[in-house]
Amino acid sequence: MISFFLLTSLAAIVSGSLCGALGFHVQRFNAVTLSFTVAHAALAGAALGLIAGIDVTYTAMILALSSAALLGAFFTKIIHERELISMALFSLFSALALLAIYMSNVTVLATSSVAVVLWGSLLAVTLHKLIMLACAAALFILYTSAYRMHIDAILYDSKLAEAEGVDVQAHTFILLFFVGAAIALTLKLMGGFLVFALLYNPVVAASQITKNARRQLHLSALLGASSALLGLTISYVLNWPVGAAIALTSSIILLASFIYKLLATRAKKPS
Amino acid sequence: MGLAAVARSALRGEVVKLEDVWVAYSGADKPAIKGITLNLPLRKTMLITGPNGAGKTTLIETCLGLLKPFKGKASLFGVNTRSRGIVQARRLCSYVPQSFMKPPFEAYTVSHVLKLGLASFKSAFEPINGDEEKRIKWAAELLEIESLLNRPIGELSGGQQQRVLIARALLRKPKALFLDEPFASLDRESRYIVAEAVKEYVRREDASAVIVSHDVAPLNDISDVALKLVDGAVVEYEGITS
């Protein structure tokens with residue numbers, strides 16, 4: 001039987017690298033606000049799962065994928081207002097999440113089921129969840145390999161790709177589905193309010209270190225995995241909430257990347 | 001509407017049809033183009049001129065459906081630009097945008113940038129085939145960029161990058177070319193190369209072209225329609241009347 005530490009480590013590595021790679025694509029597809037909304041839909045779904053007494057991963061998945069579908073439908077009709085619609089949905093989902101947590105009949109926020117949704121738990125990682133995470137990661141690799149040319153065309157210049165008939169909308173839509181699935185599957189490890197740290201911090205850190213898109217993608221996945229694994233170890237050693245430990249680690253890596261960029265820029269300047 | 005259906009409809013009708021089209025940018029206090037009605041039949045070339053801020057780029061992007069009118073109707077190869085079918089219609093077109101410059105760290109090679117022009121014709125896992133490789137070579141020779149094929153695009157000058165994008169536009173074998181200031185970054189010699197390449201393509205392939213340029217002289221002899229925009233409205237129109 002796979003040991004508990006190996007299980008959680010593998011879950012951290014897979015979720016960290018998947019979120020890091022997704023974050024890179026989300027940023028280059030100009031879909032950060034959209035993904036933010038999908039992430040909050042996952043949180044609302046998890047909180048609703050608490051009330052219904054269903055595994056929060058599944059309710060998070062249902063609401064995250066539904067919101068991705070909703071945004072995809074809106075995308076065609078009202079492309080200019082999509083940011084505003086995303087923010088309106090974001091507020092709605094946040095309100096739903098808080099209301100559901102309030103109504104979930106617990107008086108202490110540290111109650112285990114609520115704690116899992118808010119700041120994550122090592123105990124939430126099971127072999128079944130790890131397999132689902134690995135499947136999501138494998139599907140994402142398969143998708144990016146199958147449509148490498150389409151995705152590269154969008155990453156190079158999304159407006160030009162769109163003008164040439166690449167279905168940018170469909171690919172953004174698919175990307176949001178992956179974001180929804182990854183967040184729903186990572187939520188119990190990281191907690192609903194901290195899962196963004198794995199999605200956005202690695203790509204921001206990677207963009208400070210290299211401007212080369214291909215290297216940024218690989219580095220973002222690597223930094224995501226490193227943040228998750230290091231954070232997990234810190235949480236284990238210090239008995240901290242795992243989500244907070246991972247988010248802090250990724251923030252420290254982000255800070256280090258800014259310092260690296262500052263030093264590298266100074267070193268390049270002629271004295 | 002599938003690509004075949006769009007291609008069939010492309011052999012009749014118009015390339016572009018705008019009916020009382022108004023377009024505004026979010027947050028702007030006045031429309032960028034106002035009440036434009038125009039019609040570009042197949043196998044015709046349209047030159048668009050006008051001062052900075054006249055709405056030339058807005059017009060070309062409206063024709064391609066990248067910008068949607070808040071009033072009026074825009075069609076490309078008979079497909080309403082608001083419909084999902086516009087994705088198929090765009091596959092019959094090539095576009096060279098005005099803002100094409102990539103920063104020095106952009107590591108895609110010229111060869112890769114050219115291949116990406118064929119992405120929209122590819123299904124999952126489908127690689128570039130031999131014919132397409134030949135077309136890439138042909139376009140690179142035509143625009144005299146063969147020696148740049150293995151260089152990262154970010155290392156090239158503005159003029160070289162513009163020639164790469166024009167080569168990418170031509171190798172797609174489009175039924176309609178949309179060029180936004182195609183001579184803006186070019187020196188005199190390069191202007192001649194590009195103008196000749198575009199003219200040869202339009203004549204040989206019986207293609208249509210919509211060209212926005214301050215300097216229309218190199219392309220005057222292939223122009224069927226010329227229009228001048230000022231403050232978002234057409235102030236001069238010469239050529240075909242519908």
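**Exercise 1. Burial and overall form of chain B**

What percentage of the 242 residues in chain B is buried? Describe the overall form of chain B as well.

*Solution.* The model is predicted, so local features need pLDDT of at least 70, side-chain atom pairs count only at pLDDT 80 or more, and totals for chains, interfaces and linings use all residues. Residues are numbered from 1 along each chain as its sequence is written, chains are lettered from A and ligands numbered from 1 in the order in which they are written, and side-chain values use heavy atoms, with hydrogens and water left out.

Step 1. Apply the burial classes: buried is under 20% relative accessible area, exposed is over 50%, and partly exposed lies in between (1.4 Å probe, protein chains only). Of the 242 residues in chain B, 53% are buried.

Step 2. List the secondary structure, where helices (H or I, at least four residues) and strands (E, at least two) are DSSP runs numbered from the N terminus. Chain B has seven helices and ten strands.

Step 3. Compare the radius of gyration, taken over C-alpha atoms, with the globule rule, 2.2 Å times the number of residues to the power 0.38. The radius of gyration of chain B is 18 Å, close to the 18 Å from the rule for 242 residues, so chain B is as compact as a globular protein of that length. Its C-alpha trace spans about 45 × 40 × 40 Å along the principal axes.

Step 4. Check the contacts, defined by heavy atoms within 4.5 Å. Among contacts in chain B with a separation of 6 or more, 70% join residues 24 or more positions apart.

**Exercise 2. The interface of chain A and chain B**

Determine how much area chain A and chain B bury between them, and which parts of chain A take part.

*Solution.* Step 1. Buried area is the accessible area (1.4 Å probe) that two parts lose on being put together, summed over both. Chain A and chain B bury about 2900 Å² between them, with 58% of it on carbon and sulfur atoms. Met149(A), Tyr156(A) and Glu164(A) supply 29% of the area that chain A buries against chain B, more than any other three residues.

Step 1. Count residues: 27 from chain A and 34 from chain B are in the contact.

Step 2. Count polar contacts, which are pairs of N or O atoms within 3.5 Å; within protein, one must be able to donate a hydrogen and the other to accept it, and residues adjacent in sequence count only if both atoms are side-chain atoms. Between chain A and chain B, 13 residue pairs are in polar contact, both residues being at pLDDT 80 or more.

Step 3. Assign the chain A side to helices. Helix 3 (56–77), helix 6 (127–146), helix 7 (148–156), helix 8 (158–163) and helix 9 (168–190) of chain A each supply at least two residues. Helix 7 of chain A gives the most, with six residues.

Step 4. Sort that side by class: Ala, Val, Leu, Ile, Met, Phe, Trp, Tyr, Cys and Pro count as nonpolar, Asp, Glu, Lys and Arg as charged, and the others, Gly among them, as polar. The side of chain A that touches chain B has eleven nonpolar, seven polar and nine charged residues.
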